[in-house]
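I opened this notebook to keep track of what I looked up, going from one part of the fold to the next. The entries follow the order in which I checked things.

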Amino acid sequence: MKTLHKPLQITVYQDVLCAWCYLADQRLEVLRQEFGDAVRWSVRPYPLRLHDVLPTEREVRGLVEEVKRAQREPDPTASLLSTDLWLGGDPPRSSVPALAALEAARLQGPQARAFLARSMQRAALEQGVNVSRSDVVFELASRVGLSMNQFSAAFRSEETRRLIYDEHRLAGSRGVRGVPSLVIGGRWMLCGLRELSEYREHILACLGKVVTPRSGSSERLVH
C-alpha cells in the first residue's frame, strides 16, 4: 500500500521477555509488509520486570501460566513457546538489560535492532535462555553481526539504562499498563494481543479507509 500523505505513526510498546509480544510481532509483521510506507512503526521498551530482583514463586507461577495461555493461541509459532525461561533455574531478574541491548542495537539501524530482538525472543521464549545476562547479550549481538565495540559502549552506558526507565515513566503517563500495547496515530490504544484482523481494522480506520472501530474494554483514546 502506497500513500502520498504523511505516514500513520504506530508505537508498539513491548518487552522481549513477553510471550504475548512474541506473538504480536508475528501478526504485526504481516501488516508491516501490507501497509508499507503508509505506516511508520516505532518499537519502544516497556519492561514488565523493572527492578533487579528474582521473581518470587508466586510470580513464577503467574509467568508460567501466561506462557501456557500463549501456547494455546492458533499462531503457527505458538507451539514453539517454552516455559523453560522461568522454570529452568536461571530466571531473569529484570527486563532492563535485555531491553537496553535492543536500544544499543538500534544505534546501528532499525534492522540491527530487529535482528537482535528476534534472536533474543527465540533464545528466551523458545529455548529458555536468560537473555538478561551480559554474556548471553554479547553472544547474540555477535551472532547477528553487530559492530561489537559500538554495541558494547552503548549497552554498558548508564544513559541507555536511564532511557529505559524514562520510557517506562512516559508510557505510564500515557496510559500504558502492560504489553503488547499499540498507540495508533496518537489516537487509539490497543492493549494486549489482538487478532490480525482487528489490528488491520484499527489501522485502516486511522488511515480514513473504514468507519471508526468498535469500542471495547481494552481499547481507548490516548489523552
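Predicted model: local features only at pLDDT ≥ 70, side-chain atom pairs only at ≥ 80, totals over all residues.

Entry on helix 7. I looked up the buried residues of helix 7, which spans residues 148–156, and found Phe151, Ser152, Ala154 and Phe155. I then asked what covers the buried residues of helix 7. The cover includes helix 4 (96–106), helix 5 (110–126), helix 6 (134–143) and helix 8 (158–173).

Entry on Phe151. Setting aside neighbours within four places in sequence, I listed the contacts of Phe151 as Ala101, Ala104, Ala105, Gln108, Leu116, Val137, Phe138, Ala141 and Leu146. Phe138, one of these, lies in helix 6, and I noted that Phe138 counts as buried because its relative accessibility is 18%, the cut-off being under 20%. With neighbours within four places again left out, Phe138 is in contact with Met148, Phe151, Ser152, Phe155 and Arg156. I also checked Phe138 against Ala101: the two are 37 residues apart in sequence, and their C-alpha atoms are 8.8 Å apart in space.

Entry on helix 4 and helix 5. The axes of these two helices come within 7 Å and cross at roughly 155°. Angles over 145 degrees count as roughly antiparallel, and helix 4 and helix 5 are therefore roughly antiparallel to each other. On the helix 4 side I found Ala98, Ala101, Leu102, Ala105 and Arg106, which meet Pro110, Ala112, Arg113, Leu116, Ala117 and Met120 in helix 5. Sorted by class, this contact has nine nonpolar, no polar and two charged residues.

Entry on the core. Which residues touch the most other members of the largest nonpolar core? Of its 67 residues, they are Ile10, Leu116, Met120, Val131, Phe151 and Ile203. I then looked at what each element gives to this core, and helix 1 gives the most, with nine residues. In soluble globular proteins, nonpolar side chains tend to be buried together.

Entry on helix 1 and helix 9. I followed helix 1 (residues 19–35) to helix 9 (residues 196–206), where the two pack at an angle of about 45° with their axes 10 Å apart. Helix 1 and helix 9 are therefore oblique to each other, and their crossing is right-handed. From helix 1, Ala24, Arg27, Leu28, Val30, Leu31, Glu34 and Phe35 meet Leu196, Tyr199, Arg200, Ile203 and Leu204 of helix 9. By class, I recorded nine nonpolar, no polar and three charged residues in this contact.

Entry on Asp15. Is Asp15 buried or exposed? Asp15 sits in the loop between strand 1 (8–14) and helix 1, and with a relative accessible area of 1% it is buried. Its contacts beyond four places in sequence are Cys21, Tyr46, Pro47, Leu48, Arg49, Ser95, Leu99 and Val179. Of these I checked Leu48, which is 33 residues from Asp15 in sequence and 6.6 Å away in space, C-alpha to C-alpha.

Entry on Val179 and Pro180. From Val179 I moved along to Pro180, and the peptide bond joining Val179 and Pro180 is cis, with omega about -5°. Pro180 is placed in the loop between helix 8 and strand 3 (181–184).

Notes:
Residues numbered from 1 in each chain as written. Heavy atoms only, no water. Axes fitted to C-alpha atoms, helices over the stretch in contact; angles between N-to-C directions. Helix = DSSP H or I, 4+ residues; strand = E, 2+ residues; numbered from the N terminus. Parallel < 35°, antiparallel > 145°, perpendicular 65-115°, else oblique. Left-handed = near helix turned anticlockwise from the far one by under 90°. Contact = heavy atoms within 4.5 Å. Nonpolar A, V, L, I, M, F, W, Y, C, P; charged D, E, K, R; others polar. Core = buried A, V, L, I, M, F, W, Y, C linked by side-chain atoms within 4.5 Å. Buried < 20%, exposed > 50% of the residue type's maximum accessible area, 1.4 Å probe, protein only.
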